[in-house]
Amino acid sequence: MNKRIDTLKTSIRPVRERLIGHPVYRSIQDPAALRIFMEHHVYAVWDFMSLLKALQQSLTCVTSPWVPVGSANTRYLINEIVVGEESDVDERGLRTSHFELYLRAMEQAGADTGLIAGMVEALKAGRGRARARPILEAEALWSGRAGMAEVLSTAETPDEWELSGAVRDFLDFTFSTIATGEVHRIAAVFTFGREDLIPDMFVRIVEDLSGQGSAAGSKGSFGIFTYYLERHIEVDGDHHSHLAMAMLEELCGEDDRKWEEAARSAGAALEARIRLWDGVVERIDGYNNTYCAGCGCGGGISGGETREEGDADRRYRG
């Protein structure tokens, strides 16, 4: 492995260890908590695709007429990852993107997909684009005066697009990184804040799920989610992580400044994920406190959730 990659990994190891040991994993002890996790994590799955496409747009030709852009090796690396992320296979062997697979997992689990699905559909239909486009195209607007999540949350349907503070901050970090146009920084966030992070992070969650029995195991309502996790461990823990690191090596080369900026961006991405996980823990704690205050049970929801408990879950989540 490239010595510079080793140096970068060493520099971000402390924050990475904080993330891997985050209390969010211990907080996911029942179906309701897992739904809350999914309702937050889905935004990381979604904006991951924007990081990916920003890299593809910078490193390849995506317009017609076609002209060669950059290094053919770099083009291969990013296009190979795009194929896997946009058109992988689901548990039935059918082609799907990882984002669409995650939405199906949420639906099976009973998690609320209304906000994220509605936002994406509105963007596809063009609603809100007039507000979003200036943010995406004008780097000056990323000086702290506005952010992607703020624009989305104040678009044509503010009540429907209201995002939690943790999600807004997370999206703002991602899209502010994209807006810099500095491809080595985007690649560092993509590689060490997402691709290289996913295997360790998801192994922990799979282990938690395995101890919960049929309530959250592969034969229960979290079967698609379990498949999603296992698929990410298989693909991202091996093939995609190596491709992404090779891509970063190509982009930074022997430029000391780029490697230093890549390291800072990678560390900032891990800090952003920690803040998102903090928001998940706060949300789970809020659910447990509200539920317990309402029923006087003195504890959180058990892994074997009853229908009444499920109703309380849905009422709390609106």
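Residues are numbered from 1 along each chain as its sequence is written, and side-chain values use heavy atoms, with hydrogens and water left out. Because the model is predicted, local features need pLDDT of at least 70 and side-chain atom pairs count only at pLDDT 80 or more, whereas totals for chains, interfaces and linings use all residues.

**Exercise 1. Describe the span, bend and burial of helix α3.**

Step 1. Helices are DSSP runs of H or I with at least four residues, and strands are runs of E with at least two, both numbered from the N terminus. Helix α3 covers residues 31–59, which is 29 residues, and it reaches 41 Å from its first C-alpha to its last.

Step 2. The expected span is 1.5 Å times one less than the number of residues, and for α3 the reach is close to the 42 Å expected.

Step 3. A kink of about 30 degrees is centred on His40, where the bend at a residue is the angle between axes fitted to the seven residues ending there and the seven starting there.

Step 4. Buried means under 20% relative accessible area, exposed over 50%, and partly exposed in between, with a 1.4 Å probe and protein chains only. Since 25 of the 29 residues of α3 are buried, the helix is largely enclosed by the rest of the structure.

**Exercise 2. Determine the surroundings of Leu51.**

Step 1. Leu51 belongs to helix α3 and, at 0% relative accessibility, counts as buried.

Step 2. With neighbours within four places in sequence left aside, Leu51 is in contact (heavy atoms within 4.5 Å) with Thr174, Ile178, Ile186, Val189, Phe190 and Arg194.

**Exercise 3. Classify the packing of α3 against helix α6.**

Step 1. Axes are lines fitted to C-alpha atoms, for helices over the stretch in contact, and angles run from 0 to 180 degrees between N-to-C directions. The axes of α3 and α6 (residues 114–125) come within 10 Å and cross at roughly 25 degrees.

Step 2. Angles under 35 degrees count as roughly parallel, over 145 as roughly antiparallel, 65 to 115 as roughly perpendicular and the rest as oblique; α3 and α6 are therefore roughly parallel to each other.

Step 3. On the α3 side, Val42, Tyr43 and Trp46 meet Leu115, Ile116, Met119, Val120 and Leu123 of α6.

**Exercise 4. Locate salt bridges and state the exposure of their partners.**

Step 1. A salt bridge is a side-chain nitrogen of Lys or Arg within 4 Å of a carboxyl oxygen of Asp or Glu, and the whole structure holds 11 of them.

Step 2. Lys53 and Glu86 form one at 3.3 Å, N to O. Lys53 lies in α3 and Glu86 in helix α4 (residues 72–86), so the pair ties together parts that are 33 residues apart in sequence. Lys53, at 24%, is partly exposed, and Glu86, at 37%, is partly exposed too.

Step 3. Arg18 and Glu271 form another, at 2.9 Å, N to O. This pair links distant parts of the chain, with Arg18 in helix α1 (residues 3–20) and Glu271 in helix α13 (residues 256–295), 253 residues apart.

Step 4. Asp90 and Arg104 meet at 3.5 Å, N to O; Asp90 counts as buried at 3% relative accessibility, whereas Arg104 counts as partly exposed at 23%. Both belong to a network of salt bridges that links Asp90, Glu91, Arg92 and Arg104.
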